[in-house]
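Subject: Structure for your review

Dear colleague,

I am passing on the structure we talked about, and below it you will find notes on what was found in it. Please read them with the model open beside you.

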Amino acid sequence: MTTKMHIKSALLQLFLLSSKSIIATPLNSPHNARASSIQWSSCSADLQEVSTLPVDCANFTVPLDYSDPTSNETLVLNILRVPAVKGPSRGSIQFNFGGPGVPVRDSLAGSALSLQAITGGYYDLIGFDPRGTGNTLTFSCYDNATERATAPASRAGGIANASDTALGSLWAAVTVLAEQCHSRLESRMRGSLISTAFVARDLMSVVDGLEEDGLLRYYGFSYGSLLGETVVAMFPNRMDKVIIDGVENPFEYYTGAEPQIWTSADATFKGFLGECLKVPSNCTLASNYTSADTLEADIYNMIYDLKFNPRAIGGTVVDYTTLKITIRSSLYTIYKFPNLAKLLNGLLTKNDTQYIEAFTALTASAQAIFRGEGGDESPFGIHCADKAYRRENRTSMDPDFERLYNSTKLLGDFSPVLLSICAQWKMEAKERAPLSSFTNVKTKTPVLIIGNTYDSATSINAAFNVSAGFVDSVVLRQDGYGHCSLGQASICTSKAVRSYFMDGVLPAQGTVCDVSVPPFSKMTIYDLLPELGFNTSMVEKGNARKRSVDLWS
């Protein structure tokens, strides 16, 4: 990975005309008028190609600026639907798979079969690419990819602790980035219109356009949990059934540093090493170790050494930043564990061939955001417009940096990148949900909240904090690894999700679900579909298996 890619990957991973922000209020005329109905037609060839079930698509018009009731400007949302596979349809469930800054339709199409199985098969599954992402009001601070690749932000020194000078270089680079985004007319005009609160209103506009019962059914993962929390807080009386999975803390997301998000990362990494040692025949890294503590200490020493002594392997430079980015993305799902173990073993034993093979495999299956190929500035354009955090100089942020460093040894030096950008951001969201709206929230059906015990990207602690503000909500803890519950499949969790959507039945408080796919095995969620009443012959199994693993990696 080149030095230019370091800052780009770090920036993109962390999410992902200025005007005075407003707080959430009920829609009023003319935006309160019922939206026109949605007309479905064929999807583009690329979406049909990745889909594991039949899909159809629609373009749907919503207000561009919900804060201005006199405006007639509109925005077109690109929507994808996976029709119910059992009939008659009971309505629709809307999805968001994370970000911010990540399109939804590809992920929904690629995971269509598994999501239909988990939700029961009687619902149409709906997803649209949110504002700022894909072709929906794309937030870009550069005219083309070449300009972006040669920009000062691409030449910064990497994540915050990559060297003694990295934080200062980072601050200077993102100062230029914030000024660039504000100076470009298109990004300046769009920057206040891509907020999470506006996307929440888009969700409700789609509800109206679907012409069902006027209530939202929703399943949000990662940043999609934050979007779910926001729409619940803004429209509690219009919620039917809402699941948030891999939960972000709205109080941290909207106000400043976010140390809680990483607090399970160190335990997750140590757990990964322990799982490896349990199955030495399936885990290359176990060949020279019997103690997880010793193995963990040796890896941390190697990471630290790479800060001062990068290696040249296979025509690339392997350094502190490269390895940390690779570890972070590889902890998202157990399907990456074997290659992560192989990569670490290659570095520890100086087996360059082993390292190259593993790194190539991990990179090939990684999301574009982890390869430094995000293509626009939407991850921090959305996040920083949402976040009410501005600072005049870097040193004033030192206490927040320390909180982030102390939250996790493994990943604590990622968050200062995003926080530094937001500190200097010059565009404010036209609407933010007030923090008071996230407490004492009562919905028609209590919210179901799901978190993994070992989730390196969203700690289970945030799930319990959010639950405290949502009346009668239930936290289901899945006792496994990966980012969100689909990082390691569980029949128990899948049946709880199905019971909730189908019958409105919540699991008991304190429920803990075991996982059904062991780490370092060759099983996937597709092996569990028959137990959920779904036949994998509904779709060509080899492609479906590959797509599902790729999309959830």
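**Phe 337 and its surroundings**

Leaving aside residues within four places in sequence, Phe 337 is in contact (heavy atoms within 4.5 Å) with Phe 272, Ser 330, Leu 331, Tyr 481, Pro 519 and Phe 520. Phe 337 belongs to helix H14, which covers residues 337-348; helices here are DSSP runs of H or I with at least four residues, strands are runs of E with at least two, and both are numbered from the N terminus. The relative accessibility of Phe 337 is 0%, so Phe 337 counts as buried, where buried means under 20% relative accessible area, exposed means over 50%, and partly exposed lies in between, with a 1.4 Å probe and protein chains only. The C-alpha atom of Phe 337 is separated by 8.3 Å from that of Cys 276, although the two residues are 61 apart along the chain.

**Basis and confidence**

This is a predicted model, in which local features need pLDDT of at least 70 and side-chain atom pairs count only at pLDDT 80 or more, while totals for chains, interfaces and linings use all residues. Residues are numbered from 1 along each chain as its sequence is written, and side-chain values use heavy atoms, with hydrogens and water left out.

The pLDDT, which is the predictor's confidence in each residue on a scale from 0 to 100, averages 89 for the chain, and 88% of the residues score at least 70. Over residues 1-34, however, the pLDDT is below 50, and this stretch has 121 contacts in the model beyond near neighbours in sequence. Where pLDDT is low, the predicted coordinates should not be read in detail.

**Overall make-up**

The chain has 21 helices and 13 strands, and of its 553 residues 61% count as buried. Its accessible surface, computed by the Shrake-Rupley method with a 1.4 Å probe and, for residues, with only the protein chains shown counting as cover, comes to about 19,700 Å², of which 50% belongs to carbon and sulfur atoms.

**The sheet**

Nine strands form an open sheet with mixed pairing, in the order S2-S3-S5-S4-S6-S7-S11-S12-S13; two strands pair if DSSP finds at least two bridges between them. Strand S2 (56-63) and strand S13 (512-513) stand at the edges with a single partner strand each, so one side of each is left without a neighbour in the sheet. Strand S4 (residues 92-96) and strand S6 (residues 216-221) run parallel and are joined by three bridges, and Phe 95 stands opposite Tyr 219 in S6. Helix H9 (residues 223-234) lies across S4, S6 and strand S7 (239-245), and runs at about 150° to S6; axes are lines fitted to C-alpha atoms, for helices over the stretch in contact, and angles run from 0 to 180 degrees between N-to-C directions.

Cys 141 lies in the loop between strand S5 (124-128) and helix H5 (145-149), and Cys 181 in helix H6 (residues 166-183), so that the pair links distant parts of the chain, 40 residues apart. This link of Cys 141 and Cys 181 is right-handed, with 105° about the S-S bond, and both cysteines are buried.

Another joins Cys 276 to Cys 283 (S to S 1.9 Å), and is left-handed, with -90° about the S-S bond. Cys 276 is buried at a relative accessible area of 0%, and Cys 283 is buried at 2%.

The sulfur atoms of Cys 384 and Cys 422 are 2.2 Å apart and form a disulfide, whose torsion about the S-S bond is about -80°, so the link is left-handed. Cys 384 lies in helix H16 (residues 378-386) and Cys 422 in helix H18, so the pair ties together parts that are 38 residues apart in sequence. Both Cys 384 and Cys 422 are buried. As for helix H18 (residues 415-424), ten of its ten residues are buried, so H18 is largely enclosed by the rest of the structure.

Best regards

Technical notes
A disulfide is a pair of cysteine sulfur atoms within 2.5 Å.
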